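Here is a short report on a two-chain protein model. It moves from the overall layout to single residues.

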Amino acid sequence: MGNYTHFKLNSTLNDKIQSHPLTDWLKKKKNYYYDYQIQSYKSVCAKKDILINAPTGTGKTLAAFITPIINFKDDVKTGFFTTLYISPIKSLIYDIKRNLETPIQEAKLNIKIESRTGDTSSYHKKKQLKHPPNFLITTPESFALLMSYKNSNQYFLGIKYIIIDELHNIMHTKRGDLLALNLARLSTFSKKAVKIGLSATVSNAQKTLDYFSNSKNKICINPNINKDISISIINSAKSIPWSGHMASYAIEDIYSIIKNHASTIIFVNTRAQSEFIFQSLWKINKFNLNIAIHHGSLDKELRLKIEKKMFKGEINCIVATSSLELGLDWGNVDLVIQVGAPKGIIRIIQRIGRSNHNINKASKAILVPTNRFEYLECLAAKEAIKKNKIEEIPEKIGSLDVLAQHINGVACSQPFDASDLFKQVKKTWPYRNLTRVSFNSVLSFVHNGGYVLKNYKLFSRLKKNKNIFSISNNNFIKRYRMNLGTIVEAEIIPVFLKNKKLGYIEEYFINQLQKDDTFLFAGLILNFQKISQKGVEVIKSNGKHPKIPSYAGGNLPLSSFLAKSVISLIKNYNKFNLPDQILDWLSIQKRESSLPPVDGLLIETFKRNRNNYIVSYTFQGRNANQTLGVLIMQKLEEYNCQPLAFVASDYALAVWSVKKFKNIKKLFNSDLLKNNFNNWLKNTSILKKHFKSVAVISGLIDKKLPGKLKTHKQVNFSSNLIYDVLEKYERNHILIKATRDEALNDMIKFDKLKAFIKKIQHKIRHNELRKISPFAIPIVMEFYSEKISHDKIIRYETDNIEQELIKEAYNVE
Amino acid sequence: MSNKILFANKELFLQFDGSIYWPEKKSLILGDLHLEKSSYFAKLGNFLPPYDSIETISRLELTLRALEVKKIILLGDIFHDKEGINRLSKKLRLYLNNLCRSFEVIWLVGNHDGHIRPKQARYLSEYQIDNISFNHRSLKNNDYELSGHYHPKATIKLFKIKISKPCFLVGESKIILPAYGAFTGGIDAKDKIFKNIFNNKYKTYVLLNEKILKVI
């Protein structure tokens with residue numbers, strides 16, 4: 001394409017590039033470097049850490065690898081192993097390796113590339129330890145494992161470049177904490193290594209750069225490439241549902257769209273949605289299109305088979321969850337369909353980037369809202385993308401359970417001085433504000449439990465000699481390696497159809513089933529038989545109305561940025577070209593009640609079937625609304641209003657009670673988060689849920705390996721009991737603190753709620769209505785759809801309830 | 001709060017702490033204690049809070065203060081492992097010795113216990129009062145019997161939230177007690193094992209914080 005650079009290089013660097021076989025190879029392909037790739041080369045040669053901040057499909061991989069490849073001949077003189085590449089996504093690792101191997105082979109570069117993940121054979125892993133490749137491509141977890149080996153300082157001694165891909169995906173998560181800690185340690189043995197970070201477009205590139213680099217010499221590189229995105233919302237003749245998340249109304253429209261495209265990816269938000277859409281498309285597949293399904297709980301072999309077919313272009317359409325959304329380089333996809341709300345701009349851009357994954361072609365995407373509020377969310381996302389507005393990734397401080405795991409890992413590798421390690425940990429972004437007191441508590445937990453009243457001195461995991469700590473027994477090294485990682489999955493068990501393993505399913509879901517209950521999994525309707533030693537045993541079913549599996553982790557959080565955009569869109573709704581049904585919905589809402597204020601809170605109250613409803617349009621996301629719901633229930637209880645139930649969505653929260661709560665404006669005051677909150681926290685299971693993952697990550701109890709029954713030596717009792725006892729006898733223990741911090745931040749969104757209540761306290765608009773409003777219909781309906789199975793008879797009843805509500809709200813007689 | 005039941009024509013009280021009180025004989029019956037389970041796991045490198053023995057024994061002390069008890073029947077697995085008793089803190093060991101002096105303690109042997117025990121305890125593999133026998137693990141016969149071993153627990157739904165708690169399983173001729181120890185997990189009340197033992201006929205009494213809930 002002859003995009004010759006105008007970027008100034010000194011003659012040495014320029015000669016190096018011009019004379020390199022890679023350059024010839026590119027030219028032969030009628031290609032050349034982009035300016036920003038050259039700029040990246042120049043910066044890395046000048047020993048600057050860099051962040052490349054660009055959309056997918058714009059040549060980021062080459063920008064990252066240009067220096068390791070071009071300087072390879074010089075670099076290899078002082079150490080065979082020159083480059084470490086880390087990506088949080090396993091499937092991306094194979095992809096990167098494949099993409100690099102082509103130019104390396106064709107340009108005869110003689111660079112040895114190998115990957116290392118959990119799937120690498122142990123024979124190969126051992127070999128790799130003795131003879132590292134030139135470029136090693138790996139995951140944060142496999143990297144952490146390598147760092148825990150005794151000679152890791154020797155192993156990584158000579159490396160020149162560390163590339164960290166998909167930063168936006170990992171920063172401000174527990175995986176990010178683990179990676180940051182290991183990178184800080186790595187830089188103590190390979191002091192000269194330059195860090196190269198890659199990220200999708202984020203709103204604050206400097207912050208992303210600071211997250212992984214604390215070098216003084218660093219720079220953000222922005223290619224200034226805007227990939228064209230053509231994005232629209234599906235145009236269906238049918239009416240958009242009031243509530244629900246299954247998009248059954250649009251299935252025929254989706255089918256005719258995929259028929260007219262060569263290759264489509266349909267992204268959904270939950271695995272339940274993926275099973276439903278897949279099944280529904282096959283029911284109407286008159287043209288025998290090749291439609292496949294892909295989600296994280298499918299068996300690995302099945303998944304790889306699908307990926308391979310997709311790569312070869314043998315599949316017309318694939319229904320996928322986030323398991324497919326990152327990085328994969330499938331040039332032939334020409335359309336992305338997003339079913340369900342986008343939930344966040346970064347996420348949706350990433351997904352859309354899968355179509356026409358090439359810098360020169362516009363990405364094409366169609367959004368399919370599954371209900372009315374989602375329509376608004378889709379529209380808000382579309383507008384934000386048009387204006388190039390992106391949310392910030394919410395920051396998270398380093399978790400103490402991850403720190404405990406890391407300290408354990410360091411001890412496995414070499415004896416360490418506590419003060420030195422503390423200083424090293426403080427150099428990472430997530431732990432920059434860590435106090436010595438907290439560090440010492442975590443260290444003493446790793447040492448021998450860190451309990452006040454009684455210590456396990458006899459059984460210490462670490463040996464202590466003055467300030468130097470080392471591992472006391474090689475068995476602890478083995479256990480550390482078995483338990484490494486920061487992702488604690490829900491307990492899952494394998495699903496078997498005769499002797500074929502279909503994948504894994506959450507245990508709690510299966511526990512609800514009885515023999516002969518049917519459910520959707522791996523694209524099949526299955527009939528539950530029994531749980532045996534092997535796992536879940538199923539047979540194929542002819543039933544037409546399966547219970548749809550619901551999975552933990554299906555609820556993606558709505559980004560605050562997108563929530564705000566939805567509110568301001570509602571305010572300015574007449575500036576948009578909306579379909580009639582949405583226009584009616586909004587204008588009748590405005591007439592009968594009012595639209596939610598941009599800077600305040602709309603609360604509606606009305607009486608229905610003798611119950612008193614309070615509906616608050618908070619737009620705070622489901623988790624925060626869930627917390628508010630419980631608190632308000634408690635308050636109504638205090639006032640003897642006899643609360644009956646509540647339901648929360650991303651946008652609103654409805655509570656109903658037998659008696660009327662009179663002082664609505666006082667409902668949301670700061671009290672709510674004080675007395676009511678502390679009361680509630682004591683009695684909730686939320687802390688216990690978090691404690692479980694903290695206990696596993698910190699090494700208090702063992703990880704359950706997927707699909708394997710616990711062995712005798714593994715701890716087989718509930719973390720709930722441990723929590724209760726620890727809370728009772730030593731509530732200042734570091735693990736209780738870690739749990740509380742995490743739960744407050746993550747699940748309960750405490751700070752977010754505090755700020756919200758403070759902001760709206762005196763800006764509450766209370767509309768006392770005589771009947772339900774149009775906006776309240778979806779949230780009230782949600783209550784029914786939550787409880788109702790997909791049985792036909794009950795379905796009919798919900799239709800009736802919906803019709804009733806609409807008649808009331810729209811004033812139709 | 002306790003639930004009175006009629007079993008083998010005797011009045012027994014299911015206590016919310018997981019024990020059974022038999023007033024006629026002034027006897028308190030306890031399921032598996034699994035004392036020193038935490039220190040057993042600490043040896044393997046899992047530093048569980050070392051407060052399970054004190055928690056279990058404090059609970060027992062509270063119950064003993066509230067009732068008139070002469071005899072304590074321990075249904076086996078009193079310690080989590082054979083050396084467990086040696087790891088018990090001095091204070092608790094003293095308490096245990098005193099307990100065995102002040103009460104008639106029937107110390108049934110379980111599959112986890114070793115041979116070390118307080119001197120005054122009566123060390124037996126089975127025990128009987130009137131027509132009721134006491135075993136660690138339920139035997140396959142139709143005699144009236146109280147036993148432990150399986151640590152039954154039940155899952156119930158309260159306000160949309162599922163919780164899992166220890167429970168008594170009560171059949172016509174057999175009762176299985178929940179584990180009494182603080183750190184003991186368990187087997188679901190609906191498990192096949194129990195269906196076999198009770199021939200499908202049994203009731204579940206779940207231990208909630210301060211009461212017992214009969215599950216129908």
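The report below covers domains, chain contact, helix packing, cores and selected loop residues.

**Conventions**

This is a predicted model: local features need pLDDT of at least 70, side-chain atom pairs count only at pLDDT 80 or more, and totals for chains, interfaces and linings use all residues. Residues are numbered from 1 along each chain as its sequence is written, while chains are lettered from A and ligands numbered from 1 in the order in which they are written.

**Chain A overall**

The secondary structure of chain A comprises 32 helices and 26 strands. These are DSSP runs numbered from the N terminus: helices are H or I with at least four residues, strands are E with at least two. Of the 813 residues of chain A, 47% are buried. A residue is buried if 20 or more other C-beta atoms lie within 10 Å of its own, exposed if 12 or fewer, and partly exposed in between, with C-beta atoms placed from the backbone. Contact means that the C-beta atoms of two residues, placed from the backbone, lie within 7 Å. Among contacts in chain A between residues at least 6 apart in sequence, 75% join residues at least 24 apart.

**Domains**

Chain A is split into domain 1 (11-221), domain 2 (229-386), domain 3 (400-490), domain 4 (492-540) and domain 5 (561-669 + 751-810). The bounds come from an automatic or database domain assignment. Between domain 2 and domain 4 of chain A, 9 residues of domain 2 are in contact with 9 residues of domain 4. Helix α14 (residues 271-283) of chain A gives the most to the domain 2 side, with 4 residues. By class, that side has 5 nonpolar, 2 polar and 2 charged residues. Ala, Val, Leu, Ile, Met, Phe, Trp, Tyr, Cys and Pro count as nonpolar, Asp, Glu, Lys and Arg as charged, and the others, Gly among them, as polar.

**Contact between the chains**

Chain A puts 24 residues into the contact, and chain B puts in 20 residues. On the side of chain A that touches chain B, α21 (474-483) and α28 (719-729) of chain A each supply at least two residues. α28(A) gives the most to this side, with 5 residues. The residues of this side of chain A divide into 13 nonpolar, 5 polar and 6 charged.

**A helix pair**

Helix α11 (residues 174-189) and helix α18 (residues 400-413) of chain A pack at an angle of about 35 degrees, with their axes 10 Å apart. Axes are lines fitted to C-alpha atoms, for helices over the stretch in contact, and angles run from 0 to 180 degrees between N-to-C directions. From α11(A), the contact uses A:K174, A:D177, A:L178, A:L181 and A:R185; from α18(A), A:V402, A:Q405, A:H406 and A:V410. By class, this contact has 4 nonpolar, 2 polar and 3 charged residues. An α-helix has 3.6 residues a turn, so residues three or four places apart point the same way.

**Cores**

A nonpolar core is a set of buried Ala, Val, Leu, Ile, Met, Phe, Trp, Tyr and Cys residues joined through C-beta atoms within 7 Å. The largest has 119 residues, of which A:I266, A:I277, A:V368, A:F521, A:A654 and A:V655 touch the most other members. Helix α17 (residues 372-386) of chain A gives the most to this core, with 8 residues. Beyond its neighbours within four places in sequence, A:I277 is in contact with A:A247, A:I266, A:V268, A:V319 and A:V339. A second, separate core of 115 residues includes A:I111, A:V402, A:L403 and A:F476.

Helix α16 (residues 345-352) of chain A has 8 of its 8 residues buried, so it is largely enclosed by the rest of the structure. Among them are A:R347, A:Q350 and A:R351.

**Loop residues**

Buried or exposed? The table gives the class of three residues in chain A.

| Residue | Class | C-beta neighbours within 10 Å |
|---|---|---|
| A:N574 | exposed | 10 |
| A:H172 | buried | 20 |

A:N574 sits in the loop between α23 (560-571) and α24 (580-592) of chain A. A:C641 is in the loop between α25 (622-638) and β24 (643-648) of chain A. Not counting residues up to four places away in sequence, A:C641 touches A:L636, A:S657, A:V658, A:K659, A:K660 and A:F661. A:H172 lies in the loop between α10 (167-170) and α11 of chain A. Phi of A:H172 is near 60 degrees, a positive value in a residue other than glycine.
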